[in-house]
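Load the model in your viewer and keep a selection panel open. The stops below run from the whole chain to a single side chain.

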Amino acid sequence: MDCKWFAVCPMKKFYEEGKIDKKWIELYCKGDWESCVRYKMEERGELHPDWMLPDGSTDLRLFNYIGEVTK
Ligand code: SF4
């Protein structure tokens, strides 16, 4: 079963746009989504940036990419 947030999660979009590795989707979104930091924060209603990966690390390349596409 996929993570319940998958359809609306920025990680799905980034993956489809070739910006993040497939391993993130396989390991978390279609795997152990309960251990995803994004998932846990979403459940607690805590804000988290779109450029934060499922392991909780932030990705400067994603930060810059978001900046480009939202110009
Ligand atoms: S990144 Fe986390 S919250 Fe987003 S769909 Fe994947 S498992 Fe769910």
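**The whole chain**

Colour by secondary structure and follow the chain along its sequence: the pattern is α-α-α-α. The count is 4 helices and 0 strands, where helices (H or I, at least four residues) and strands (E, at least two) are DSSP runs numbered from the N terminus. The radius of gyration, taken over C-alpha atoms, is 12 Å, close to the 11 Å that the globule rule (2.2 Å times the number of residues to the power 0.38) gives for 71 residues, so the chain is as compact as a globular protein of that length.

This is a predicted model: local features need pLDDT of at least 70, and side-chain atom pairs count only at pLDDT 80 or more, while totals for chains, interfaces and linings use all residues. Residue numbers start from 1 along each chain as its sequence is written.

Switch to the C-alpha trace, which spans about 35 × 25 × 20 Å along its principal axes. Of the 71 residues, 18% count as buried, meaning that 20 or more other C-beta atoms lie within 10 Å of the residue's own, with C-beta atoms placed from the backbone. Among contacts (C-beta atoms, placed from the backbone, within 7 Å) with a separation of 6 or more, 34% join residues 24 or more positions apart.

**The nonpolar core**

Now select C3, C9, M11, F14, I20, I25, Y28, C29, W33, C36 and Y39. These 11 residues form the largest nonpolar core, a set of buried Ala, Val, Leu, Ile, Met, Phe, Trp, Tyr and Cys residues joined through C-beta atoms within 7 Å. α1 (10-16) and α2 each supply at least two of its residues, and the largest share, 3 residues, comes from α2. Pick I25 from this set: leaving out residues up to four places away in sequence, I25 touches M11, Y15 and K30.

**Last stop: W33**

Centre on W33, in the loop between α2 and α3. Is W33 buried or exposed? W33 has 20 C-beta neighbours inside 10 Å and so counts as buried. Beyond its neighbours within four places in sequence, W33 is in contact with C3, Y28 and Y39. To finish, draw a C-alpha to C-alpha distance from W33 to A7: the two are 26 residues apart in sequence and 13 Å apart in space.

Conventions
A residue is buried if 20 or more other C-beta atoms lie within 10 Å of its own, exposed if 12 or fewer, and partly exposed in between; C-beta atoms are placed from the backbone. Two residues are in contact if their C-beta atoms, placed from the backbone, lie within 7 Å.
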